[in-house]
Amino acid sequence: MDVPFGPLAPDQGELTPGTLMVADGVVPLREGYGPFPGLSLAATAGALSTAPRGLFAYTKYDGTWSLVAGQDTAVAIMASDYTWSNIDTGLTPTATDDFSFARFGTKLLYTNTTDGLRAYDVESGGAASAVAAAKAPQWIFVCGNILFGLNCLDNSGSRDNRLIRSSAFSDHTNWTTKGADYQGLEEGGPLVWGGPISDTAALILQSRMVRLLQVGNVGNALWGIQSISQEFGSVGYRSCVSFDGMVFWLATDGFRMFSVNGGIKRIGSGLVDQWFLADADQANLALVQGTIDPFRKNVLWRYKSNSVGSTTIFENIIGYNWAFDRWFTLTVQTAALAYLSTPAVTWDAYGTSTTWDTEDVIWDSRALSGGQPLFGALNGSYKFGTFGGSNLAATLTTGLIDSRVSGMVNWAKPIDDCSAGTLALGVKDTLAATTTWKTGQSKASSGRVPLRGRGLELAFSRVIPAASTWTYAKGVDYLDVKPGGPR
């Protein structure tokens, strides 16, 4: 008998062959799962003074990457030693807003509905300046060398959460002439998010509608928009992530993905949507925040579960691998997610210990080689680290194996290359009953695990401790099952 570690699909129920009910602390592989490295901080990492109010990674003209963070009263940039310094202070962002960021020419642009749009020159430094003509947008993005603002003040000074404004071509300061324009939307609810999907196209998400924005070839205007989906938009801008022509976001009924060639796809339908919406705090879905793990081809969202009291520090992450169309979860305490390319550092410079054995950065971590795009996060102390440390604890739990006769299980063999951890057997005699989990057992020298339990319904759970060395886990095989009485 072979029990593969297939896709995570708790929505399908425990009797769906080959699916998992739990896939935590792992990353999907083409067959099975591999370990997910833990969050690792440099010894020099400094903490933000307050909880993050938006993170944004960008590249300078010389190719170096930087990470910028909004805070309660300031905007700060992270240096190569992972310390923070303010580039703008005295700010008063709206209580419910994060900062929205964009890179436009030499300028780092950021906005909120109280302070309005501001610009900082990341190439030459200096003081930040206000751009009042933009009419204080809540969200900004760049497409076709035009800066767009969503949820702006109208010409009378009143806020219109369905108003889109655009700057002049290649000029973030001009919002009135040389092609600058604005358009209000009658349907679809408040504007939530916008982002480019190509040089001349962007996706616009409202609370109840998805629109495509195109720059050029739209008659007499520089840009135009059209509806491509109605009734289901996005729960909030924090959940929206764009990367390489794709956009991922959370709608009120689950997760969605848009691509230029594939259109809109319900990536969580029948797999994790219902499970996630039951676990997440429904009153705080707007706090769901996503980012990209470009190296592993994952998009990840941190979220506030029903069991978490804090609205800042969460420990639950759900991830989707678009290469293999598989889901997974991570249990890591974070205050925000981000990705950027790290500066090159030596092992000695990364830590302060006198021995390598006490450091949690693995030898081949991409965090030790500069220019490598990495998935990272702010931890519970608001310090930035990258997921390049020792492996997280992993749990892989199968659905039920339905048997015609009651089976006595004596042995099973986990198909993985980890010598540590345990395999547990779950049994029950009716589908309505609660699964009884036997105490997990370790591998014998043969690689098999001694188990003992009887049931008409069987399940397995492989648990691998944190910091264990392994590369794959494919399933459970070679079951020694002795049949009992009929069903």
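# Briefing: salt bridges and strands in a predicted model

A search of the whole structure finds 15 salt bridges. The model is predicted. The protein holds two helices and 38 strands. Its radius of gyration is 25 Å, close to the 23 Å that the globule rule gives for 487 residues, so the protein is as compact as a globular protein of that length.

**Overall build**

- The C-alpha trace spans about 85 × 55 × 40 Å along the principal axes of the protein.
- Of the 487 residues, 53% count as buried.
- Take the contacts in the protein with a separation of 6 or more: residues 24 or more positions apart account for 57% of them.
- The accessible surface comes to about 20,000 Å². Carbon and sulfur atoms make up 49% of that surface.
- The protein has 36 positive and 42 negative charges.

**The salt bridge between R266 and D253**

- Side chains of opposite charge can pair when their charged atoms come close.
- R266 and D253 meet through their side chains in a salt bridge, at 3.1 Å from N to O.
- R266 sits in the loop between β25 (263-265) and α1 (273-279), while D253 sits in the loop between β23 (246-251) and β24 (254-259), so the pair ties together parts that are 13 residues apart in sequence.
- R266 has a relative accessible area of 47%, so this residue counts as partly exposed.
- D253 is partly exposed too. Its relative accessibility is 22%.

**D416 and its two partners**

- D416 forms a salt bridge with K443. The closest N and O atoms of this pair are 2.7 Å apart.
- D416 belongs to strand β34 (residues 401-416), and K443 to the loop between β36 (436-437) and β37 (449-464), so the bridge ties together parts that are 27 residues apart in sequence.
- What is the state of D416, buried or exposed? D416 is buried, because its relative accessible area is 9% and the cut-off for buried is under 20%.
- D416 also meets R462 in a salt bridge between side chains, at 2.8 Å from N to O.
- R462 is buried, as D416 is.

**A salt-bridge network**

- Which residues are linked in a network of salt bridges? They are R53, D72, D98 and R238.

**L212, a strand residue**

- L212 lies in strand β20 (residues 209-218).
- L212 counts as buried, with 16% relative accessibility.
- Leaving aside neighbours within four places in sequence, L212 is in contact with I197, A202, G224, I225, Q226 and I228.
- P294 is 82 residues from L212 in sequence. In space, the two residues are 24 Å apart, C-alpha to C-alpha.

**S207, a loop residue**

- S207 is found in the loop between β19 (201-206) and β20.
- The relative accessibility of S207 is 24%, so S207 counts as partly exposed.
- Which residues does S207 touch, not counting those up to four places away in sequence? They are G188, G189, P190, V192, F232, G233 and S234.
- S207 and A42 are 165 residues apart along the chain. Their C-alpha atoms are separated by 39 Å.

**Positive phi without glycine**

- N145 is not a glycine, although its phi is positive, at about 60°.
- N145 has its place in the loop between β14 (139-143) and β15 (146-153).
- N145 is partly exposed, with a relative accessible area of 34%.
- S170 is a residue other than glycine with a positive phi, near 60°.
- S170 lies in the loop between β16 (159-166) and β17 (181-184).
- For S170 the relative accessible area is 45%, so S170 is partly exposed.

Technical notes: Residues numbered from 1 in each chain as written. Predicted model: local features only at pLDDT ≥ 70, side-chain atom pairs only at ≥ 80, totals over all residues. Heavy atoms only, no water. Helix = DSSP H or I, 4+ residues; strand = E, 2+ residues; numbered from the N terminus. Rg over C-alpha atoms; globule rule 2.2 N^0.38 Å. Buried < 20%, exposed > 50% of the residue type's maximum accessible area, 1.4 Å probe, protein only. Contact = heavy atoms within 4.5 Å. Areas by Shrake-Rupley, 256 points an atom, 1.4 Å probe, with all protein chains shown as cover. Lys, Arg positive; Asp, Glu negative; His and termini not counted. Charge placed at Lys NZ, Arg CZ, Asp CG, Glu CD. Salt bridge = Lys/Arg side-chain N within 4 Å of Asp/Glu carboxyl O.
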